[in-house]
Amino acid sequence: MMRFILKGLLSTSPVASTRAYGLSFSTSSLKPTLDCSNSTCPQSPTVSYLVNSCGLSLESAISASKNLQIGTTDQPDSVLTLLKSIGLGKSHIRNLIIKRPVILLADANKTLKPNVEVFGSLGIFGTNLLKLLTKAPRFLEVDAHSTVEFFSAYGFTKEQICMLTMKRPQLYLYNAPRNFKPKMEYIKSLGFSDAEVVQILLDVPNVIRRSLENKIIPSFQVIKRIVGTGENVLKAIKASYRVCDKDLEKVLEPNIAILINHGVPKPLLLKFFMSQTRSLVLNTHQFTEVVEEVDKLGFDPTSMLYLLAVNSLAMINKSLWERKSEVYRSFGMSEDQILSAFIRQPMSMMTSEKKIRKLMGFFVNELKISPLVISKTPKLMLLSLEKRLVPRCSVLQLLMSKGAIKGDFSLVHALRMNHKKFEEKYVSKYQNVIPKVVEAHQGKIPFQESAVSASKNLQFVTTDQPDSVLTLLESIGLGESHIRNLIIKRPVILLADANKTLKPNVEVFGSLGISGTDLLKLLTKDPRFLEVDAHSTVEFFSAYGFTKEQICMLTMKHPQLYWYNAPRNFKPKMEYFKSLGFSDAEIVQILLYVPYVLGRSLENTIIPSVQFIKRIVGTDENVLKAIKASYRIFDLGKVHEPNIAVLINHGVPKPLVLKFITSRSRSLVLNTHRFTEVVEEVDKLGFDPTSMLYLLAVNSLATINKSLWERKSGVYRSFGMSEDQILSAFIRQPMFMLTSEKKIRKLMGFFVNELKISPLVISKTPKLMLLSLEKRLVPRCSVLQLLMSKGAIKGDFSLVHALEMTHKKFEERYVSEYQNVIPEVVEACQGKIPFQGFPISA
């Protein structure tokens, strides 16, 4: 899977020293240890200008002056004036000049100002212009006019050129007529209209930067070999313009062959390719795994459902599947029902988490459709709430309120039927006698089915009881909207006894310190919360040594515990914990850490989890130690034991395996074939299986696919780090590659541009990439900046070592030691004093 990593494999040992390498400062004058030519000395006019007029620190100015020679200040002054006039603040100008010092030599009137005007005509100014300068510091020095003219000539509107510019400002670095015209003409020659060419570039602007002869033409030829005709090529590309930006020769044809070998008929494959191309451009190894998984689920390869399942599993990684499943589960759908829904309609898992939450909330809470019914009709999850479901419910609500239809129809069938049939059956048929049905169908009449739906589970004889409930809910601070939402979710609360049930529970929770906003949060999480037997649950936990504060914490974390009969459901589990050797105080800590474990089955989850650990560690005493190291052991559930065996067979000691299990590593749920491949790659990289680094490497390679590795490597390379250095950093600290692309960009920008730490140094101390910029790095640099400016620290020190050291050591060495004479050092350590670069006196 990750053989591409080995391409740059170093002979460096994975246990190479992680000693900090950083900027060193001389003992006498605090000058940086840099060679100083005439142009880069602190006394040079260029350095002075950069410090005094541009706000750079002396160190940054010296670095910038290597690429800059300022004779007179007229031209740089006019550039600064222009940059200020377009809304750039001092810090923005300073950062721009650090990244692109030669901008000061640009002609403000002939180059920069005309470009500002061109971008302004597109609606790009202020914050948007700043964003583009951050992405591409050369952006204002290009020939913007000719590029905009070029795209205009191809039918782009100003708004579309603006969108293209914001997406890919690097396009302005090319000579548009020379570089882009041949590609535009080729795309048009395939039969695309000007409007379609515009859409292709708005969707995948990067395609126009690719080589016409080596990438674009070969990719289109691959598509033609598959689909046969130029007309079909056109249809296939229109199904997903992103296919234009893929290396199709390497992945598409092998993946097509895999599907044919697994029994997919060619006509079905062609139909699929014409509408769904994204999954077919996965790397072949991943694609094979996906197809094998679809086979295991029992899909028929001669059915379109087979290909839809391939497409869905190719697009959804394990983490995303789990997040979406969790949303379904939160509405009461079981794992079996989720899988059943997927098998009936694989696209049900392509729906976004946000839409799943909205739709399930509407179906379950508003319409009272059970999760079981939804799992049997998963097509519901593909429908539009605003454009279809709500308008149709408004139509049905209106017809029911007028007596035109009775409540014995199938609501699910009415929602699923096609537009024409629904219109004939429920709109056209009644529009002459109930004209408003047309407005309802157009979504112009609000749906208020919540009241109708709620009434199905509710029957008032008198209003005395509901009135007393409403009075009590108002008395505890719930507003009208909160009460309305609570009743929609839990209508039968109006039948609860306000004095005998609700009020006593309010008092019990009040005694724990839960009232007002906290009580509202709990009612939002669990609308049944005030109807439980709170007193007996609180008494139960008190008897096991929980303080009021601890019961409050437990309640806020997991209010669902109050659903259970505590003595009957929880006591056997508490006694089992004690039988393992835990004290009452330790049991309290277990439940505060993993309260949901009490909702797990003792026989099916808790005991099997403990037995599994015992098979690894051997003795009861070791089991106890293992559980104390991570209480999550009680919630391991179904562990993939073959993967554990793979690790042990590769020489990983059992105690280390156990530590890995309790970290809840995502890699352990991989299929065993894939997991074995990952472990073998880690062996090839030379990691020691008796070291935690080995397991961190397994986890990282299992989590990062080739595409993500390449994207992150691309960010590191953009700051000057070589492939060998990237691999070296990974071997020293595998979590180096788990840092997000966004964070890599921020940290590398700070280290390389602000602190002038070289990429080589970062590759030798990759732990730097795991640190927080805002909470650790900037505050520490502010402390060091302050101490240096006051002359408090004069000895040579390693900046990288200062950033890496523990909080306690840093505080002792740089804060506590100086806080009496330089009180501001405390504020600097708290991040209250901005970091502006290191002042280095001459």
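## Exercises on helix packing

In this predicted model, helix H40 (residues 692-703) packs against helix H42 (residues 723-732) at an angle of about 125°, and their axes are 9 Å apart.

**Exercise 1.** Work out whether H40 is parallel or oblique to H42, and find which residues of the two helices meet.

*Solution.*
- Step 1. Start from the angle between the axes, which is about 125°.
- Step 2. Angles over 145 degrees count as roughly antiparallel and 65 to 115 as roughly perpendicular, with oblique for the rest.
- Step 3. The angle therefore makes H40 oblique to H42.
- Step 4. Now look at the side of H40: Leu 693, Ala 697, Ser 700 and Leu 701 meet Phe 730, Ile 731 and Arg 732 of H42.
- Step 5. Sorted by class, this contact of H40 with H42 has five nonpolar residues, one polar and one charged.

**Exercise 2.** Describe how helix H37 (residues 641-649) and helix H39 (residues 672-684) cross.

*Solution.*
- Step 1. The axes of H37 and H39 come within 10 Å and cross at roughly 20°.
- Step 2. Since angles under 35 degrees count as roughly parallel, H37 is roughly parallel to H39.
- Step 3. The crossing of these two helices is right-handed.
- Step 4. H37 brings Pro 642, Asn 643, Val 646 and Leu 647 to the contact, and H39 brings Thr 672, Phe 675, Thr 676 and Val 679.
- Step 5. By class, the contact of H37 with H39 has five nonpolar and three polar residues, and no charged ones.

**Exercise 3.** Follow helix H10 (residues 176-189) to its contact with helix H12 (residues 212-227), then to an aromatic pair with Phe 150.

*Solution.*
- Step 1. The axes of H10 and H12 come within 12 Å, crossing at roughly 10°.
- Step 2. The two helices are therefore roughly parallel to each other.
- Step 3. Pro 182, Lys 183 and Tyr 186 of H10 make the contact with Leu 212, Ile 216, Ile 217 and Phe 220 of H12.
- Step 4. This contact of H10 with H12 has six nonpolar residues, no polar ones and one charged.
- Step 5. The whole structure holds 26 aromatic pairs. One of them is Phe 150 with Phe 180, a tilted pair at 6.3 Å centre to centre with 55° between the planes.
- Step 6. Phe 150 lies in helix H8 (residues 144-153) and Phe 180 in H10, so the pair ties together parts that are 30 residues apart in sequence.

**Exercise 4.** Find where confidence is lowest and where it is highest.

*Solution.*
- Step 1. The protein averages a pLDDT of 82, and 87% of the residues score at least 70.
- Step 2. Confidence is lowest in helix H1 (residues 3-6), with a mean of 41, and highest in helix H44 (residues 759-764), at 93.
- Step 3. Over residues 1-38, pLDDT stays under 50.
- Step 4. Where pLDDT is low, the predicted coordinates should not be read in detail.

Note on methods
Residues are numbered from 1 along each chain as its sequence is written. This is a predicted model: local features need pLDDT of at least 70, side-chain atom pairs count only at pLDDT 80 or more; totals for chains, interfaces and linings use all residues. Side-chain values use heavy atoms; hydrogens and water are left out. Axes are lines fitted to C-alpha atoms, for helices over the stretch in contact, and angles run from 0 to 180 degrees between N-to-C directions. Helices (H or I, at least four residues) and strands (E, at least two) are DSSP runs, numbered from the N terminus. A crossing is left-handed if the near helix is turned anticlockwise from the far one by less than a right angle, and right-handed if clockwise. Contact means heavy atoms within 4.5 Å. Ala, Val, Leu, Ile, Met, Phe, Trp, Tyr, Cys and Pro count as nonpolar, Asp, Glu, Lys and Arg as charged, and the others, Gly among them, as polar. pLDDT is the predictor's confidence in each residue, from 0 to 100. Rings of Phe, Tyr and Trp (its six-membered ring) pair if their centres lie within 6.5 Å; planes under 30 degrees apart count as stacked, over 60 as edge-to-face and the rest as tilted.
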